[in-house]
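Here are a few exercises to work through with the model open beside you. Try each task on your own before reading its solution.

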Amino acid sequence: MTMTSEDLDRREKTLVALIREAGALAQRAFAIEGGFEMKGPQDFLTVTDAAVETLVRERLKRLFPEDGFLGEESGGTPGEAVWVVDPIDGTANFARRIPHYCVSIAFVGGNEMLLGAIYDPVHDELYFARAGRGAFRNGMEIRVAPTAAAGSACVELGWSTRISNGVYLDVLSKILGTGANVRRAATGALGLAYVADGRSDAYAELHMHPWDCLAGLLLVREAGGVVCDFLGRDGLESGGAVLAAAPGVADLMIAASGIERA
């Protein structure tokens, strides 16, 4: 399908309103919900994940029936134009009553990241980017950090059960060896948003699903950062390694992780 500027305008308007509505639903549940199930080792599932994804999926289906949908909980099939949705990124935090989670939604057309939004309802922070138009938090333009020295860099390294602990620890050791500080806050989407916002200098993870990272990668790219070519390496179908960094620390992260820039 051909995506015009007017088509994207409609989707942008819908996305901004819908992700706030989805975040409000999640936050109401966060205040009262207890308990969770496990989909696998360290893979948490709450009732709210399904409720938020259903809200987003059904609304998009009604407004844009021609678009595809790919969600963490209900799946889907990537197409020429597809919404990619993580109803709650940071579910382990959410389930354990830690107020650090978000809703992440991206729109991909022609294998290009076109729209991306990440909403943190706890702090009412909405990150948004549209290809070629910059990155914003609550309407204010954001840029990646100017950090250039490893000794002052603070980066985040995500962990995945799909990668062996040995490989993860090797990358961690290499980053620490440069003098950079490493942290992990258990929500990759917000980790990427924080790189775009200059709050963190880089984010890397050796394997991520598309719903975890596409919105964040667009944000970082539009905020002037260095990112990997996730979609060009079949990331929409299979997931893959993710790198996003301020330009001054990009080479450090590439050398430590082995993840190439776009």
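Strands here are DSSP runs of at least two residues, labelled E and numbered from the N terminus. Keep in mind that this is a predicted model.

**Exercise 1. Trace the open sheet: what is the strand order, and which strands are at the edges?**

Step 1. Eight strands make up this open sheet, in the order E4-E3-E5-E6-E7-E8-E9-E10, and the pairing is mixed.

Step 2. Zoom in on one pair. Strand E6 (residues 102–109) and strand E7 (residues 112–120) are antiparallel, with seven bridges between them. Within this pair, Val103 faces Tyr119 of E7.

Step 3. H2 lies across strand E3 (68–71), E4, strand E5 (81–89) and E6, and runs at about 155° to E5. H5 packs on the sheet too, touching E5, E6, E7 and E8, and its direction makes about 100° with that of E7.

**Exercise 2. Compare the directions of H5 and H6: at what angle do their axes cross, and which residues make the contact?**

Step 1. Find helix H5 (residues 188–196) and helix H6 (residues 210–222). Their axes come within 8 Å and cross at roughly 0°.

Step 2. Angles under 35 degrees count as roughly parallel, so H5 is roughly parallel to H6.

Step 3. On the H5 side, the contact uses Gly188, Ala189, Leu192, Ala193, Val195 and Ala196. H6 brings Asp212, Cys213, Gly216, Leu217, Leu219 and Val220.

Step 4. Sort the residues by class, and the contact of H5 with H6 has nine nonpolar, two polar and one charged.

**Exercise 3. Explore the surroundings of H8: which of its residues are buried, and what do they pack against?**

Step 1. Helix H8 spans residues 247–257, and its buried residues are Val249, Ala250, Leu252, Met253, Ile254, Ala256 and Ser257.

Step 2. Those buried residues pack against strand E11 (154–157), helix H4 (165–177), strand E13 (202–208), strand E14 (226–227) and strand E15 (240–245).

Step 3. Stay with E13 for a moment. Seven of its seven residues are buried.

Step 4. E13 pairs with E11 in the parallel sense over three bridges, where Leu157 has Ala204 of E13 as its bridge partner. E13 also runs antiparallel to E15, joined by five bridges, and here Glu205 stands opposite Val242 in E15.

Step 5. Just after H8, look at Gly258, which takes a positive phi of about 80°.

**Exercise 4. Look at phi in Arg97 and Asp234: what values do they take, and where are these residues?**

Step 1. Start with some background: most residues other than glycine have a negative phi.

Step 2. Arg97 has a positive phi, near 70°. Arg97 is in the loop between helix H3 (91–95) and E6, and is partly exposed at 37% relative accessible area.

Step 3. For Asp234, phi is also positive, near 65°. Asp234 lies in the loop between E14 and helix H7 (235–238), and its 42% relative accessibility makes Asp234 partly exposed.

Methods
Residues numbered from 1 in each chain as written. Predicted model: local features only at pLDDT ≥ 70, side-chain atom pairs only at ≥ 80, totals over all residues. Heavy atoms only, no water. Axes fitted to C-alpha atoms, helices over the stretch in contact; angles between N-to-C directions. Helix = DSSP H or I, 4+ residues; strand = E, 2+ residues; numbered from the N terminus. Parallel < 35°, antiparallel > 145°, perpendicular 65-115°, else oblique. Contact = heavy atoms within 4.5 Å. Nonpolar A, V, L, I, M, F, W, Y, C, P; charged D, E, K, R; others polar. Pairing = 2+ DSSP bridges. Buried < 20%, exposed > 50% of the residue type's maximum accessible area, 1.4 Å probe, protein only.
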